[in-house]
Amino acid sequence: MKILIDAGHGPNTPGKRSPDGKLREFYFNSAVAEEVKKQLSLDGHLVIFSHQNDFDVPLHERTQLANRLKVDLFVSIHANAAGHTFSSANGVETFIYHKPQEATQRLAAMVQQSLVLITGRKDRGVKQADFAVLRDTHMPAILVECGFMTHKQEVELLKSPLYRKRCAQGICFGIACFENSL
């Protein structure tokens, strides 16, 4: 399969950081994306990034790339936030477009279940949203939120190389389960 991995946002996106300023979301997203690429490539998949490490790639360019290359799956990786201060919101969730294809629903359910099992975090479920990366792509597309930068315990996990690796394993295992269901 040809899979596009999107490390959500970019290195210069304003406001995408923990309340204490110690974690920028892109650094979590891109670290997990690198690990996902490594694992999926070992499984024989062609993996393409939609992001750049030195500048912000606009959303429309990310979705146009996926559509032009006719990738089989689009996976956007994120760390969540509930406001701009620390809060009690925590857990992992996976988003799909509000008019999802059946394949998208299966992919989301499998990745969500795998992420919850591997990370041990609260299951916030599969949710629907009108996000550009979900709406404007022509293939099964999901957006995963691997924990909250605004939760004191989860932000420490998001900084951890072991947790990042677990998130990547969860995403990859969910993709493998989806592929085996085809």
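## Cysteines

Cysteine 172 is buried, at 4% relative accessibility. The model is predicted. The closest cysteine sulfur to that of cysteine 172 lies 11 Å away, in cysteine 167. That is too far for a bond.

Cysteine 167 is buried as well, with a relative accessible area of 0%. The closest cysteine sulfur to that of cysteine 167 belongs to cysteine 146, at 4.1 Å. This too is too far for a bond. A disulfide requires two cysteine sulfur atoms within 2.5 Å. By this rule there are 0 disulfides.

## Helices α1 and α6

Helix α1 covers residues 25-42, and helix α6 covers residues 161-181. Their axes come within 8 Å. They cross at roughly 50 degrees, so α1 and α6 are oblique to each other. The crossing is right-handed.

On the α1 side, the contact is made by Tyr27, Phe28, Ala31, Val32, Glu35, Val36, Gln39 and Leu40. On the α6 side, the contributors are Tyr163, Arg164, Lys165, Cys167, Ala168, Gln169, Ile171, Cys172 and Ile175. By type, the residues of this contact are 12 nonpolar, 2 polar and 3 charged. Both Cys167 and Cys172 take part in the contact.

## Asparagine 80

Where does asparagine 80 sit? Its place is in strand β3, which covers residues 73-80. Asparagine 80 is buried, with a relative accessible area of 9%.

Neighbours within four places in sequence are set aside here. Beyond them, asparagine 80 is in contact with Glu93, Glu145, Gly147, Phe148, Met149 and Thr150.

Conventions: Residues numbered from 1 in each chain as written. Predicted model: local features only at pLDDT ≥ 70, side-chain atom pairs only at ≥ 80, totals over all residues. Heavy atoms only, no water. Buried < 20%, exposed > 50% of the residue type's maximum accessible area, 1.4 Å probe, protein only. Helix = DSSP H or I, 4+ residues; strand = E, 2+ residues; numbered from the N terminus. Contact = heavy atoms within 4.5 Å. Axes fitted to C-alpha atoms, helices over the stretch in contact; angles between N-to-C directions. Parallel < 35°, antiparallel > 145°, perpendicular 65-115°, else oblique. Left-handed = near helix turned anticlockwise from the far one by under 90°. Nonpolar A, V, L, I, M, F, W, Y, C, P; charged D, E, K, R; others polar.
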